[in-house]
There are 2 protein chains.
Amino acid sequence: MPAILAATVAEVRAALADFRRRGQLVGLVPTMGALHAGHAALIERARRECGCMAVSIFVNPIQFDRREDYEAYAIRLPDDVALCESLGTDVIFAPAAEEMYPAPQSVFVEVAGLTDHLCGRFRPGHFRGVATVVAKLFHIVAPHRAYFGEKDAQQLAVIQRMVADLNMPVEIVPVATVRDPDGLAVSSRNRRLSPEERRAAPALFQALQAAAQAVASGARSAAEAKAAALAVLEACPEIRVEYLEVVDPATMAPVEQISGPVRIAAAVWLGATRLIDNLYCPAVAR
Amino acid sequence: MPAILAATVAEVRAALADFRRRGQLVGLVPTMGALHAGHAALIERARRECGCMAVSIFVNPIQFDRREDYEAYAIRLPDDVALCESLGTDVIFAPAAEEMYPAPQSVFVEVAGLTDHLCGRFRPGHFRGVATVVAKLFHIVAPHRAYFGEKDAQQLAVIQRMVADLNMPVEIVPVATVRDPDGLAVSSRNRRLSPEERRAAPALFQALQAAAQAVASGARSAAEAKAAALAVLEACPEIRVEYLEVVDPATMAPVEQISGPVRIAAAVWLGATRLIDNLYCPAVAR
């Protein structure tokens, strides 16, 4: 089924108005294109739950802390449209940067606290850019539900807090991380890995599993869980650790003692490619 | 006609849903209560233009830079409700602070640039608090139109920029300042003036008029226009000037040369009471 392809705010609003008039629930999957199996899982979930399913494809310049990273983020719109259509997408919103930012942006959504650690610490301004563009997309599309992957756990927490604190009338639906058979979390950045880097990359997930296993086995200190993960990563000379933390899942702040559920989150570099992943660890009865 | 009085987000959304189902245009007049003739002008305009007219009454703690100013901002809900009902309000949203801020707020809407001067310079955090609560109210009420007074010109500019930059689906309607017969702009703060201060207060508007007259007569430098205004204010020993500026109406930044439309804006203190006012001056053919 061909999807409606909208390039402007006015076009996408007009397309969605037709569905809304028929009483359809609107679901939104915000993406930066370069769609892969992780996005497909979001789209399939949205398709099952919503009478009208929209995908946005927009590489958001204001969330990149490094210009070269923005420029490397090449999307292939025909491929992305084909994938969206194969999954039954009703409306694709793929605006140009000038449509989303016709003038220099002077209004930003700032999320305090949650962004002090993990990626927020290493990518200044990143989550401000994410929260701002997601707020814009929510105002443009007015979805009833929006779907986000758990792979970007800090991003998900930021969006959930934004929606709660600003009373946005949208339900955020988290979707489990999709992994390759060897455990590597699917990401558009995986394509940039050399064959050697790709072979080494599953160590990231293995390290998180080692930490989670330590927690499940009764480790009460974050240091102990981190040591188990770092032992795995240090065995891989291709991998440089940016951060590896045991955090409170609600605040994304590092904990020292493990007394409830935690999330183990890490960012690593393989050559010039940065990968992130995380695992949720439920509370362990002591 | 009795209005529907809603104290919670859920109640006001339910009340408005009924109007929306009937296809009514929703208009919102956001207020901090202590309603006066200025608010009445906003409400009357909204009543003429919208099938469903809502007034919010909420003294927003996060926009006060001084605790004592927040505490002095006493609203009298029964009087406010009576005025709203006399003007045909359909829905009054009067939440408690805990309903609007159930947890400490960690998400803020920041408006850069526009807030560097005038009130923004003297009231740190004020416009961040205003933009944040208005974003919350817009998400709760989802109005088609929202009405703001021109007396708070910098606030109006901030809201207009927020709506544009975040693609909010709401039309902002500016409404002309309402004045007492002697020219004093109507404000809830006027009640705090002593009889002597109230007698001196119209000098603020007279000063703005003197500056506007200088512009209309061909003054090309802001300094000349400001001197005309300051001459009026300096004749009043009761008045202390906080700022008096000739600004670009779009950016609210002070100008030195007058080459197009400008706004003359001032804040003054009479005793412990701070009053603001402003006048728009169209471009003068040279």
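Which residue in strand 4 of chain B is the bridge partner of Ala54(B)? I looked it up and found Val91(B).

Before going further I noted that this is a predicted model, in which local features need pLDDT of at least 70 and side-chain atom pairs count only at pLDDT 80 or more, while totals for chains, interfaces and linings use all residues. Residues are numbered from 1 along each chain as its sequence is written, and chains are lettered from A and ligands numbered from 1 in the order in which they are written.

**Entry 1, the sheet.** I traced strand 3 (residues 52-57) of chain B and strand 4 (residues 91-93) of chain B, which run parallel and are joined by three bridges; strands (E, at least two residues) and helices (H or I, at least four) are DSSP runs numbered from the N terminus, and two strands pair if DSSP finds at least two bridges between them. The open sheet of six strands in chain B has the order 1-4-3-2-6-7, with parallel pairing. Strand 1 (4-6) and strand 7 (171-175) of chain B are at the edges with a single partner strand each, so one side of each is left without a neighbour in the sheet. From one strand to the next I read an average twist of 25°, with axes being lines fitted to C-alpha atoms, for helices over the stretch in contact, and angles running from 0 to 180 degrees between N-to-C directions. Helix 2 (residues 37-49) of chain B packs on this sheet, and its direction makes about 170° with that of strand 2 of chain B.

I counted 23 residues from chain B and 23 residues from chain A in the contact between the chains, and on the side of chain B the largest share, five residues, comes from strand 5 of chain B. Strand 5 (residues 107-111) of chain A pairs with strand 5 of chain B in the antiparallel sense over five bridges, and Val107(A) stands opposite Val111(B).

How values were computed: Two residues are in contact if their C-beta atoms, placed from the backbone, lie within 7 Å.
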